[in-house]
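Here is a friendly tour of the charged side chains in this protein. Have a look at the sequence and the structure first.

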Amino acid sequence: MFALIAVIGKNRELGKDNQLIFEIPEDMRYFREKTMGHKVVMGRKTWESLPGKLDGRENIVVSRGGVSGADKVVRGLGDFLRENADTEEEILVIGGGMVYAEALPYARRLYLTEVDKEMPEADAYFPEFDSEQYNREIVGEGAEGDLSYKFVKYNKKEV
Ligand SMILES: NC(=O)c1ccc[n+]([C@@H]2O[C@H](COP(=O)([O-])OP(=O)(O)OC[C@H]3O[C@@H](n4cnc5c(N)ncnc54)[C@H](OP(=O)(O)O)[C@@H]3O)[C@@H](O)[C@H]2O)c1
């Protein structure tokens, strides 16, 4: 099964100039804890934004071109999503905007760190989603400087 994990602003802002828009140490720890030991799937641009491979996780990169250093490269994201939608293991989709948008219909869970701030300069966004389709649970909260945030888990309702 797929879960999407992201830190987003009030308008679902994700990033700018291929960098994260929010860098919150507590959120980074949360991300590490949720993803450790799992497969992580990311778009080529997000891969290029990282300083290197995420340790302890199988790094799967989606690209129609060439990518070096990844554990696996997926050229057909649609096929990958369909083939792995019902696995028992939780596969974490870690961004960015393009890949979240394609993976959202397949995701049974969203781990969103919701930051209470607008970032109009953003150029990458988490896709819009219908919160009515999910059970929303706040699992934690915190503050960092002028940023306050909530760790929110959305579990898709069974249809
Ligand atoms: N806030 C957060 O939690 C968070 C998390 C992750 C990323 N981000 C931010 O998001 C931004 C990057 O997002 P983005 O939307 O620009 O890029 P992205 O989703 O990371 O990567 C896009 C690339 O993925 C590949 N791709 C996408 N769909 C594909 C498909 N169906 N089949 C094959 N390849 C496919 C393509 O690579 P090729 O061009 O090589 O074919 C495409 O150019 C950055 O600012 C980053 O910092 C934020």
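The notes below go through some of the salt bridges one by one.

## Overview

Please keep in mind that this is a predicted model. Searching the whole structure gives 14 salt bridges.

## A link between two loops

Lys10 pairs with Asp116 in a salt bridge, and their closest N and O atoms are 3.6 Å apart. Lys10 sits in the loop between β1 (2-8) and β2 (13-16), while Asp116 belongs to the loop between β8 (107-115) and β9 (124-125), so this pair ties together parts that are 106 residues apart in sequence.

As for accessibility, Lys10 is exposed, at a relative accessible area of 51%.

## A pair within helix α3

Asp79 and Arg82 form a salt bridge as well, with 3.0 Å between the closest N and O atoms. Both residues are in helix α3 (residues 77-84), and because they are 3 residues apart, about one helical turn separates them. Asp79 has a relative accessible area of 44%, which means that the residue counts as partly exposed.

## A strand joined to a loop

Arg109 and Glu90 meet through their side chains in a salt bridge of 2.8 Å, N to O. This pair links distant parts of the chain, 19 residues apart: Arg109 is in strand β8, and Glu90 is in the loop between α3 and β7 (91-93).

Glu90 is buried, with a relative accessible area of 13%. Arg109 is partly exposed, at 21% relative accessibility.

## A network

Finally, a network of salt bridges links Arg32, Asp55 and Arg57.

How values were computed:
Residues are numbered from 1 along each chain as its sequence is written. This is a predicted model: local features need pLDDT of at least 70, side-chain atom pairs count only at pLDDT 80 or more; totals for chains, interfaces and linings use all residues. Side-chain values use heavy atoms; hydrogens and water are left out. A salt bridge is a side-chain nitrogen of Lys or Arg within 4 Å of a carboxyl oxygen of Asp or Glu. Helices (H or I, at least four residues) and strands (E, at least two) are DSSP runs, numbered from the N terminus. Buried means under 20% relative accessible area, exposed over 50%, partly exposed in between (1.4 Å probe, protein chains only).
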